[in-house]
Amino acid sequence: MSSAEDELAEFGYRQELDRRLSTADLVVYGLVFMVPIAPWAIFGVVFNASKGMVPLVYVIGLVAMIFTALSYAQMAKAFPIAGSVYSYVGRSIHPNLGFLAGWTILLDYLLVPTLLYVIAAESMSGIFPGVPKWVWIVVFLLVNTSVNFVGISFTAIVNRLFLVAEVLFLAIFAVMAIVAIAHGTDGATLTFTPFFDSSSFTPGLVGTALSIAVLSFLGFDGIATLSEEARGGRRSAGIAMVSALVVVALFFITQTWLAAMLVPDTKQFSEADTNNAFFAIVENISSHGWQVAFLVMNALAVGLANAVAAQSATSRLLFSMSRDGRLPRFLSHVNVRTKVPERAILLVGALTLVLGLFFVGQLALISSLVNFGALTAFLLLHVSVVAWYVVKGARPNWFLHLVSPVIGFVVIGYVLVNAETNAKVGGLVWLVIGVAVLLLYRSRGIDVSRDNETST
């Protein structure tokens with residue numbers, strides 16, 4: 001057996017998925033999942049919330065989320081398997097708690113594609129108002145499910161193509177913005193005020209920035225679900241997660257700094273202008289044609305590229321949990337030819353279709369629920385690092401295995417405590433359902449506590 005197959009054998013599994021992805025492929029996947037052009041759609045909202053200091057929001061977000069990325073990297077090294085936080089918590093603390101960690105992050109992973117389809121449908125309806133939004137949801141979903149169904153190698157190619165397209169549009173915007181600033185368009189001038197404006201800064205902005213940034217950076221964690229398809233060794237997923245987070249943060253910071261300099265006399269966008277703020281800036285410094293091109297790119301990046309990555313992560317999590325008997329085992333079936341968990345992919349597609357049609361026009365609610373699922377799972381992730389390396393480990397690295405996860409836990413806990421009430425209520429209902437599923441499995445004598453103890 002190869003070293004990768006030996007690693008899986010340690011955990012009681014055999015190699016079923018297609019181990020083809022390089023570390024670079026994983027970085028690309030993470031970038032596509034987080035969407036380098038994500039600030040376009042929410043620029044106006046973040047601008048108003050931060051009083052114009054949009055790049056500062058992403059700087060704070062990077063500092064805050066790097067601790068979670070480091071915790072993921074440590075656990076991915078210890079457990080290079082597809083289950084992500086479900087496997088980490090289950091194997092380091094207790095299998096039942098691992099199930100609940102997997103269940104809570106499922107709320108994130110199932111709703112992220114839904115959120116993306118709804119956002120993309122909103123964008124496309126602005127370009128083609130005569131086409132119903134549900135049509136776009138169906139079209140995007142069919143394309144993405146097909147891409148995931150073909151195989152992970154094809155998915156990686158699609159990811160690269162979309163990343164190139166997004167970076168190209170970022171470069172085009174950067175050139176436009178620099179030229180406009182150089183010519184002083186509408187009073188634009190080179191300034192660092194968007195990074196820090198002493199006249200507008202308040203401590204409360206930090207909390208606001210954290211809440212916004214958490215949702216913006218969700219996606220790097222999805223890299224962990226591809227661990228059994230990576231060929232770069234135990235450290236590959238961890239290196240990719242930290243690298244993708246830093247790179248996408250640089251993209252976020254740079255483009256929002258340029259955009260903020262192009263509205264020098266604006267402190268708040270009106271409610272009517274908020275959702276279209278970035279695209280209005282593009283039109284102002286170029287033309288209506290470029291504005292439409294940026295809108296289309298935004299819709300495709302979110303509705304296709306980002307959703308493909310989200311569906312990949314969700315199906316791998318379902319595959320891992322069902323393989324262990326914690327969800328119906330039929331979901332662990334892997335297509336012999338394409339080496340993908342085809343039934344899990346189809347189920348994600350079906351659930352996303354239902355949820356997408358149900359949540360059309362309810363972006364705020366979906367976003368808040370996504371945050372709750374991810375934040376709860378992140379809390380358990382940080383606990384698992386301490387449990388595995390400090391409590392059970394022989395020679396822990398005190399910064400990576402205690403200081404960093406404690407800081408990460410505090411940051412994530414702060415954001416979770418200050419989350420919207422709807423998110424807390426909805427998230428707790430989902431958690432209660434998870435407890436009920438766990439108890440049901442146990443009452444029927446289904447093994448949900450297989451021996452997860454293993455050495456690394």
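Here is a short tour of salt bridges to select in your viewer. The model is predicted, so local features need pLDDT of at least 70 and side-chain atom pairs count only at pLDDT 80 or more, while totals for chains, interfaces and linings use all residues. Residues are numbered from 1 along each chain as its sequence is written, and side-chain values use heavy atoms, with hydrogens and water left out.

**What to look for**

A salt bridge here is a side-chain nitrogen of Lys or Arg within 4 Å of a carboxyl oxygen of Asp or Glu. By this rule there are seven salt bridges; the stops below are among them.

**Stop one: Arg14 and Glu16**

Select Arg14 and Glu16, whose side chains form a salt bridge with N to O at 3.5 Å.

**Stop two: Asp25 and Arg160**

Next, pick Asp25 and Arg160, a salt bridge with an N to O distance of 2.4 Å. Asp25 sits in helix H2 (residues 23-34) and Arg160 in helix H8 (residues 152-182), so this pair ties together parts that are 135 residues apart in sequence. Helices are DSSP runs of H or I with at least four residues, numbered from the N terminus. Asp25 is buried at 11% relative accessibility, whereas Arg160 is partly exposed at 43%.

**Stop three: Asp324 and Arg326**

Finally, go to Asp324, which forms a salt bridge with Arg326; their closest N and O atoms are 3.2 Å apart. Is this pair buried or exposed? Both Asp324 and Arg326 are buried.

Technical notes:
Helices (H or I, at least four residues) and strands (E, at least two) are DSSP runs, numbered from the N terminus. Buried means under 20% relative accessible area, exposed over 50%, partly exposed in between (1.4 Å probe, protein chains only).
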